[in-house]
Amino acid sequence: MPMTPDPDLRDALIRTLPLFEMMRMRAATTARRHPTLGFASPERGSTLRWVNQFTHTHRKLGPDDREVVSPNNDTVYSNAWLDLSQGPVVIDTPDMGERYWTLGLLDAWTNPFAYVGRRTTGNRRQRTLVHGPSGPGPLPEGGVSQVIAAPGDDVWLIGRVLVDDSPADLDTVRALQAEFSMSRPDGQDAAMRVDTALDGRALDTPDAGLYLSTVEAALRRNPAAADESFAWPLPHDAVAALLPQVFEELRQQQQPHELGGGWALPVAVRTHWGEDVLTRARVARNLIGALGIEEAMYPTAEVDAEGRPLDGAHTYELRFPPGAGPHVGAFWSLTMYRRSDCLFVANPIGRYSIGDRTPGLRREGDGSLAIRVSARDPGPGHNWLPAPYGEAFYVVLRLYQPAAEHLEFRYDYPPMRRLA
């Protein structure tokens, strides 16, 4: 007869899993090469990487990009991991004009605890000092625009910058990204080598020894909050027996916030997960890197108005009544994903999302906005979001700087209606 898992052991795994997944992401997304200092290690298989250094994408992702599931089609990305164990890091960003941009800071427990960008600090040129538990120390000469205190020594910085599809705007954003920099308060380059001790490409359940050693190292640098307690250290054999079950359950588990009309919100965090450690673990396993909903909300529809799964064999319409479109402080978009792999769908017009910035968006005579979602071109006069022919799909309504009625869950989301 199988033994019932120790609830304290299970609780400890649920609580510490975000630490492991964050360290796995650090290994996967930190740079092997520094622009001037070269490779962190000459050995190709080395786990040494550079931290306190920006890396950027200079184009929007498309159907051939398979590294990130459910990517956005609105912005380019900037990425950095901060190591604050040797002191604060100063982040310099340029004047961004009127453009939407954000740098979201996540602690090692996946709490999106701070932001720099349009919504929070504006678009002017600015200097941000980020420090860990050791404190800010002396400020750089000339001061800073703001000081951010991180709860631990490891911080994941996820940046997004709005870009149009035109080559000229892509060049403009590339030039802006080139002005993002990190330094020490004394002006020296902040880049450091760290041993990530992980293969970031391995996405399967880790063995118990790797899990325990990774979490142990992360805990030393990023202690649990004062109100969070769990058993530690954990017995190796018991972890080896239970860990695969926990990882699989979190992969399968769905805990979205129902919004009505067939829409659900997979992530509803603001700045801290609080006591909802189970959702924190689920998101770390499946949607790691989610920012808070005050920055962006991602209502998702997998079913139509009748509760039937969305499928490219049918044609659908999403209709926003007059004056009842998404209310946002920045912009919104509706993005299409194939259900089987959670990626963009190649189509004849190269359109993977449609929204308030789409050229030629047509409104009805009464001011309503109808979006036709189908595999076949519905013809002129329709706002068309192409779907995969004969395949299941889902759509994400991305709301950047959502208004209060979205944040307070008062907005009436229209359903996806299947047309005859």
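# Burial, rings and overall form

Student: Why does F54 count as buried?

Tutor: In this predicted model, F54 has a relative accessibility of 11%. The cut-off for buried is under 20%, so F54 counts as buried at 11%.

Student: Why is F180 buried?

Tutor: The relative accessible area of F180 is 6%. Buried means under 20%, and F180 at 6% is therefore buried.

Student: What makes F54 and F180 an aromatic pair, and why is the pair edge-to-face?

Tutor: A pair of aromatic rings is described by the distance of the centres and the angle of the planes. For F54 and F180 the centres lie 5.5 Å apart, and the limit for a pair is within 6.5 Å. The planes of F54 and F180 make an angle of 65°; planes over 60 degrees apart count as edge-to-face, so this pair is edge-to-face. By this rule the protein has a count of 16 aromatic pairs.

Student: Why does the pair of F54 and F180 tie together parts that are apart in sequence?

Tutor: F54 lies in the loop between β3 (48–51) and β4 (55–56), whereas F180 lies in the loop between α2 (167–178) and β12 (181–183). The pair therefore ties together parts that are 126 residues apart in sequence.

Student: Which residues form one aromatic cluster?

Tutor: One aromatic cluster is formed by Y337, F344, Y352 and Y394.

Student: What makes helix α5 mostly covered?

Tutor: Helix α5 spans residues 277–286, and eight of its 10 residues are buried. The buried residues are V277, T279, R280, A281, R282, V283, A284 and R285.

Student: Against which helices do the buried residues of α5 pack?

Tutor: They pack against α1 (7–29) and α4 (236–252). In the secondary structure of the protein there are six helices and 24 strands.

Student: How do you know whether the radius of gyration agrees with that of a compact globule?

Tutor: For 420 residues, a compact globule would have a radius of gyration near 22 Å. The protein has 22 Å, so the value agrees. The C-alpha trace spans about 70 × 60 × 40 Å along its principal axes, and buried residues make up 51% of the 420 residues.

Student: What share of the contacts with a separation of 6 or more do residues 24 or more positions apart account for?

Tutor: Residues 24 or more positions apart account for 74% of these contacts.

Student: How many positive and negative side chains does the protein have?

Tutor: There are 43 positive and 53 negative side chains, and the centres of the two sets lie 4 Å apart.

Terms used
Residues numbered from 1 in each chain as written. Predicted model: local features only at pLDDT ≥ 70, side-chain atom pairs only at ≥ 80, totals over all residues. Heavy atoms only, no water. Helix = DSSP H or I, 4+ residues; strand = E, 2+ residues; numbered from the N terminus. Rg over C-alpha atoms; globule rule 2.2 N^0.38 Å. Buried < 20%, exposed > 50% of the residue type's maximum accessible area, 1.4 Å probe, protein only. Contact = heavy atoms within 4.5 Å. Lys, Arg positive; Asp, Glu negative; His and termini not counted. Charge placed at Lys NZ, Arg CZ, Asp CG, Glu CD. Phe/Tyr/Trp six-rings, centres within 6.5 Å; stacked < 30°, edge-to-face > 60°.
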